[in-house]
Amino acid sequence: MEEAEKSDIFLKPLHDAEYQYLRELIYQYSGINLHEGKRELIRARLCTHLKKLGIDSFREYCNYLKQTASADEINKLLNILSTNMTQFFREKAHFDFLANVLPEMIQRRKKQGSARLRLWSTACSSGEEAYSLGIIVQETLTEVSGHVDVKILATDISSGILERAILGKYSKERMQDVPPHWRAKYFKAARDSYIVDMPLKNLIQFRHLNVVGPWPFKGPFDIIFCRNMMIYFDKATQQNLVERFSECLQEDGLLFLGHSESLVGFAPNLKYVIPSVYRKV
Ligand SMILES: C[S@@+](CC[C@H](N)C(=O)[O-])C[C@H]1O[C@@H](n2cnc3c(N)ncnc32)[C@H](O)[C@@H]1O
């Protein structure tokens, strides 16, 4: 029994040196700032992964990371550590607001000579945010006349979660936040789940992207959703990110943050509109 315990990764502590190494690695790679209070959570989440790798100490795992230095392993680590909690129409006031302002925005674009709308869900997790945006856009398009060229870019650093987003298959439980008439209109019912239907899927391009790294596009975007990701970053990373969002927003474009996030003191050209929504002026 004692021998079994000694080799059981589930019982081993994550010491300072190893935690510090993992924190720095994650910070450099993703901007995520793991504070001391996360140590036990990280330890617990890593155990199953280490067991699969046949590694039975955190020191050995850190050495493995140093030796392989593989983006693939760092990605796996991020998949394990990141918090992907999301839901359809999360923070519903944002989607109600968007539904109100989109028709006017489209009219303005038409007057400016371009019936073009670009949206970006920067940390889309398993896709619910991007599909919710897609539904609001599709509903708006039925109200405005003429063709509008719409694309939604949806990105995330976690490749595992993106695969789920691309699949677009959600349990009945996860679908509870989608009103029944939209469920019927935009999804196909399967046995115990729903699958996003093609017209909605075709509106969205899912891409792997580390938002704190280089962006292989310039925009401009009309709408940027960056919700419930920046809370994991430190102030300097948040500031830099907000400046970059502001640069690639259209004039009058909108930036949506999570309800517990704010831009206090960050960006003079982003003006408060409603809680956690800002307009570029
Ligand atoms: C809590 S979820 C938020 C999902 C969605 N935006 C929402 O509000 O419901 C946070 C997401 O941020 C992603 N993430 C964390 N760091 C990232 C980075 N540096 N670049 C892109 N995505 C990142 C995680 O993989 C995770 O899917």
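What covers the buried residues of H11? The cover includes helix H2 (16-30) and the strands S1 (116-121), S7 (221-226), S8 (249-257), S9 (270-274) and S10 (277-280). Helices (H or I, at least four residues) and strands (E, at least two) are DSSP runs, numbered from the N terminus. Buried means under 20% relative accessible area, exposed over 50%, and partly exposed in between (1.4 Å probe, protein chains only).

The model is predicted: local features need pLDDT of at least 70, side-chain atom pairs count only at pLDDT 80 or more, and totals for chains, interfaces and linings use all residues. Residues are numbered from 1 along each chain as its sequence is written, and side-chain values use heavy atoms, with hydrogens and water left out.

The buried residues of H11 are Thr-237, Gln-238, Leu-241, Val-242, Arg-244, Phe-245 and Ser-246.

Helix H8 (residues 159-167) buries Ile-161, Leu-162 and Ala-165. These cover an arc of only 100° around the axis, which puts them on the same side of H8; the arc is that of the directions from the helix axis to the C-beta atoms. An α-helix has 3.6 residues a turn, so residues three or four places apart point the same way. On the other side of H8, Glu-163 and Leu-167 are exposed. The cover over the buried residues of H8 includes helix H7 (128-141) and the strands S2 (149-156), S3 (169-171) and S6 (204-208). After H8 comes Gly-168, with a positive phi near 65°.

Next come the cores. A nonpolar core is a set of buried Ala, Val, Leu, Ile, Met, Phe, Trp, Tyr and Cys residues joined through side-chain atoms within 4.5 Å. The largest has 46 residues, of which Leu-46, Leu-77, Trp-120, Phe-245 and Leu-255 touch the most other members. At least two residues of this core come from each of H2, helix H3 (39-53), helix H4 (58-68), helix H5 (71-81), S7, H11 and S8. Domain 1 (2-81) and domain 2 (92-280) each give this core at least three residues. A second, separate core of 42 residues includes Ile-136, Ala-154, Met-175 and Trp-182.

The domain bounds come from an automatic or database domain assignment. The centres of domain 1 and domain 2, taken over C-alpha atoms, are 32 Å apart. Nine residues of domain 1 are in contact (heavy atoms within 4.5 Å) with 11 residues of domain 2.

Asn-210, in the loop between S6 and S7, is buried, with a relative accessible area of 16%. A polar atom of the Asn-210 side chain lies 2.3 Å from the backbone oxygen of Tyr-29. Thr-142 sits in the loop between H7 and S2 and counts as exposed at 58% relative accessibility. A polar atom of the Thr-142 side chain lies 2.5 Å from the backbone oxygen of Glu-139.

Over the whole protein chain there are 11 helices and 10 strands. Buried residues make up 49% of its 281 residues, and the C-alpha trace spans about 75 × 50 × 30 Å along its principal axes.

Definitions and conventions:
A polar contact is a pair of N or O atoms within 3.5 Å; within protein, one must be able to donate a hydrogen and the other to accept it, and residues adjacent in sequence count only if both atoms are side-chain atoms.
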